[in-house]
Amino acid sequence: MDIPATRTKTVPRDMLIAPGLPEIRPDVSVQPRRALLINPFYPKDPRASYGKHVLTPTLALTSIAGATPAGWEVSYWDENLLQGPPPSQPAPEVVGITVHLTFARRAYTLADWYRRQGSRVILGGLHVLSCPDEALEHADAIAVGDGVQLWPQILNDVERGTLRPRYEADFSRAYATDPAPRRSILPRESFLTTSSVIATRGCHNRCGFCYLSTDGLHMPYRMRQVQQVVAEIVADRQPYTVFIDNNLGSRPDYLRALCTALRPLEIIWSAAVTIDVTNDPTLVREMALAGCTGVFVGFESLHGENLTDARKRTPAPEDYARRAEIFHRHGIQVNGSFVLGFDHDRPEVFEQTVAWIEKNRLECATFHILTPYPGTPLFRQMEMEGRILHRDWDLYDTGHVVFKPKHMSVEELDRGYAWCYDTLFSHQSIWRRRPADPRAVLGYLAMSYLYKRSNRFWHLLIKHRLTAAVWRPLIEHSRRRHLRLRERLARMDNGEIRASQVISGGV
Ligand code: B12
Ligand code: SF4
């Protein structure tokens with residue numbers, strides 16, 4: 001198929017460009033024992049839904065906030081909520097910034113700006129782990145690894161005047177002793193839900209392209225006590241929880257226990273799982289009965305050899321359709337994640353992938369151009385083969401081609417990726433993927449149009465801090481519908497509920 005050139009989309013400026021930083025005032029003062037935590041700006045891909053950026057906040061900053069020692073005032077600023085530059089008058093004594101590679105450059109600009117005002121800047125997060133020396137050039141101190149352990153030490157050292165440039169902690173410590181994330185610092189009105197919750201850390205897989213296989217990242221599989229997770233959800237009083245675990249299904253016995261504990265809460269939730277949770281359909285049933293309305297599944301590729309190359313232990317792609325159907329039978333929507341540009345992908349991959357998604361009526365999908373993250377086996381392999389095109393981390397956002405693909409040109413991959421999104425979010429494709437049950441069609445269409453085809457609307461909601469006000473009633477409506485659905489499912493021994501009647505925000 002000849003993929004047409006990308007159609008230009010109009011994007012509001014503030015979705016593409018970070019807010020300008022004001023001139024530093026000569027009379028700037030520093031407020032002692034005040035810490036500001038920042039999630040830096042990153043440009044948004046107009047092809048994907050803007051909604052995903054306000055679905056739920058990163059858990060990094062609330063987790064660190066929870067570990068802040070008494071006597072410190074802590075606040076939060078997320079530049080992606082489009083409220084302008086972060087506060088700086090007076091300058092906080094400490095500024096903590098989370099750094100991912102896609103917004104590393106912005107993080108460094110902010111860091112340099114705050115340091116010029118006299119703040120102490122601490123950088124942490126995934127990118128600091130993979131490129132510590134680069135980050136250190138812009139920080140008074142870097143936190144490599146688990147910030148929950150490091151943050152209190154860092155603040156104590158700031159107080160004592162003994163701050164070191166580098167702090168390190170691994171992720172092997174058991175979770176149970178960690179303080180609960182402090183969600184009270186979040187602007188509740190700006191997120192679809194503030195309940196981003198983690199139950200397990202790590203994953204039983206170690207795919208070569210995944211950040212989990214970054215050199216120096218030792219993240220053994222850890223599970224939190226089920227009651228701890230439940231207590232956090234109850235305390236946040238939201239109808240909808242997003243589990244941000246890499247893979248909530250790594251240990252089926254744990255997931256089952258979690259479902260048993262979640263069921264009485266009568267909330268709805270979604271989570272990322274690998275497709276092998278369908279090995280046991282009774283577990284999928286437990287998930288539905290516990291309020292699961294949607295799963296985010298990394299199918300990655302429909303080509304088995306790509307999965308073997310990536311060392312992903314997964315059921316064969318030929319069996320994906322049957323397995324996706326198991327979720328659907330239990331009223332769970334499937335948001336599939338697909339990576340494009342693997343070494344066995346040829347130009348046909350785009351059409352084949354979209355055709356498969358439509359045939360199997362996946363309610364939503366995300367596409368990612370294969371991205372070799374620095375420090376991963378994939379990056380090393382590409383570097384050895386001379387295929388890395390540049391190291392402009394801004395473009396390592398899975399929406400740009402940063403390597404030479406094997407069986408197509410850079411342009412073909414770029415166009416193919418855009419074509420996949422344009423096609424999937426088209427009226428025709430949304431219609432073709434409608435649920436088989438006619439009663440469910442209206443809810444599905446409402447969700448699809450609100451989530452996927454309303455980027456202008458999302459922009460307004462985000463800017464005017466109306467996200468929760470507009471979405472909360474829909475979520476509440478979905479929760480009530482889901483409760484009725486669960487009742488029906490519970491009455492049937494081996495039954496199925498086939499309905500996409502609930503709105504589940506997909507990541
Ligand atoms: C929630 C989430 C989102 C949310 C919010 C992200 C945000 N930045 O606001 C949304 C849906 C918007 C999102 C979007 C995207 N995401 Co995302 N997302 C996640 C997810 C699922 C959870 C993040 C989280 O809360 N983790 C839990 C916290 C506790 O862990 P942590 O961040 O590592 O923080 C710990 C330490 O690193 C450290 N730390 C972190 N920051 C700081 C700061 C200081 C000061 C200190 C002391 C310590 C410290 O302490 C913390 C506690 O131990 C992760 C996968 C995952 N499970 O981690 C992917 C992930 C971060 N996302 C990823 C990607 C690629 C994206 C997208 C680019 C995808 C796309 N094409 O759309 C976009 C773009 C957004 C962006 N540039 O970040 C990748 C990043 C890969 C990489 N190497 O950087 C990840 C790892 C997924 C993956 N498996 O590949 N994402
Ligand atoms: S299954 Fe997913 S989370 Fe686990 S290692 Fe592979 S890509 Fe990463």
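User: I would like to start with β13, helix α12 and β14. Which unit do they make, and of which hand?

Analyst: Let's begin with the idea: a crossover is called right-handed if, with the strands pointing away from the viewer, the path from the first strand over the helix to the second runs clockwise. Here β13, helix α12 (residues 349-359) and β14 make a right-handed β-α-β unit. Helices (H or I, at least four residues) and strands (E, at least two) are DSSP runs, numbered from the N terminus. Keep in mind that this is a predicted model, where local features need pLDDT of at least 70, side-chain atom pairs count only at pLDDT 80 or more, and totals for chains, interfaces and linings use all residues. Residues are numbered from 1 along each chain as its sequence is written, chains are lettered from A and ligands numbered from 1 in the order in which they are written, and side-chain values use heavy atoms, with hydrogens and water left out.

User: How many bridges join β13 to β14, and do the strands run parallel or antiparallel?

Analyst: Strands of a sheet pair through backbone hydrogen bonds, either parallel or antiparallel. Two strands count as paired if DSSP finds at least two bridges between them. Strand β13 (residues 333-340) and β14 run parallel and are joined by six bridges. To see one of these on screen, find Leu-340, whose bridge partner in β14 is Ile-369.

User: Where do the side chains of β14 point, and are they buried or exposed?

Analyst: In a regular strand the side chains alternate between the two faces of the sheet. In β14, Cys-364, Thr-366 and His-368 point one way, while Ala-365, Phe-367 and Ile-369 point the other way, and all are buried. Buried means under 20% relative accessible area, exposed over 50%, and partly exposed in between (1.4 Å probe, protein chains only). Because six of the six residues of β14 (residues 364-369) are buried, the strand is largely enclosed by the rest of the structure.

User: Which strands pair with β10, and over how many bridges?

Analyst: Strand β7 (residues 196-197) runs parallel to β10 and is joined to it by two bridges, with Val-197 partnered by Phe-243. Strand β11 (residues 268-273) pairs with β10 in the parallel sense over four bridges, and Thr-241 stands opposite Trp-269 in β11. Between β10 and β11 the chain passes through helix α8 (residues 252-262) in a right-handed β-α-β crossover.

User: Which way do the residues of β11 point, and which strand do five bridges join to β11?

Analyst: Ile-268, Ser-270 and Ala-272 point one way from β11, Trp-269, Ala-271 and Val-273 the other way, and all are buried. Five bridges join β11 to strand β12 (residues 292-300), and the two run parallel. Look for Ala-271 opposite Val-295 in β12. From β11 the chain crosses through helix α9 (residues 281-289) to β12, again as a right-handed β-α-β crossover.

User: What is the strand order in the open sheet of six strands?

Analyst: The order is β2-β1-β3-β4-β5-β6, with parallel pairing. At the edges stand β2 (73-78) and β6 (166-169), each with a single partner strand, so one side of each is left without a neighbour in the sheet. From one strand to the next, the twist averages 20 degrees. For an example of pairing, strand β1 (residues 30-39) is joined to β2 by six bridges, and Ala-35 stands opposite Val-74 in β2.

User: How many salt bridges does a search of the whole structure find?

Analyst: Side chains of opposite charge can pair when their charged atoms come close. A salt bridge here is a side-chain nitrogen of Lys or Arg within 4 Å of a carboxyl oxygen of Asp or Glu. The search finds 30 of them. One is between Lys-463 and Asp-14 (3.1 Å, N to O). Lys-463 lies in helix α17 (residues 455-463) and Asp-14 in helix α1 (residues 13-16), so the pair ties together parts that are 449 residues apart in sequence. Another joins Arg-380 to Asp-215, with the closest N and O atoms 2.8 Å apart. Both partners are partly exposed, Arg-380 at 38% relative accessibility and Asp-215 at 43%.

User: Which residues are linked in a network of salt bridges?

Analyst: Asp-343, Glu-385, Arg-387 and Lys-406 are linked in this way.

Methods
Axes are lines fitted to C-alpha atoms, for helices over the stretch in contact, and angles run from 0 to 180 degrees between N-to-C directions.
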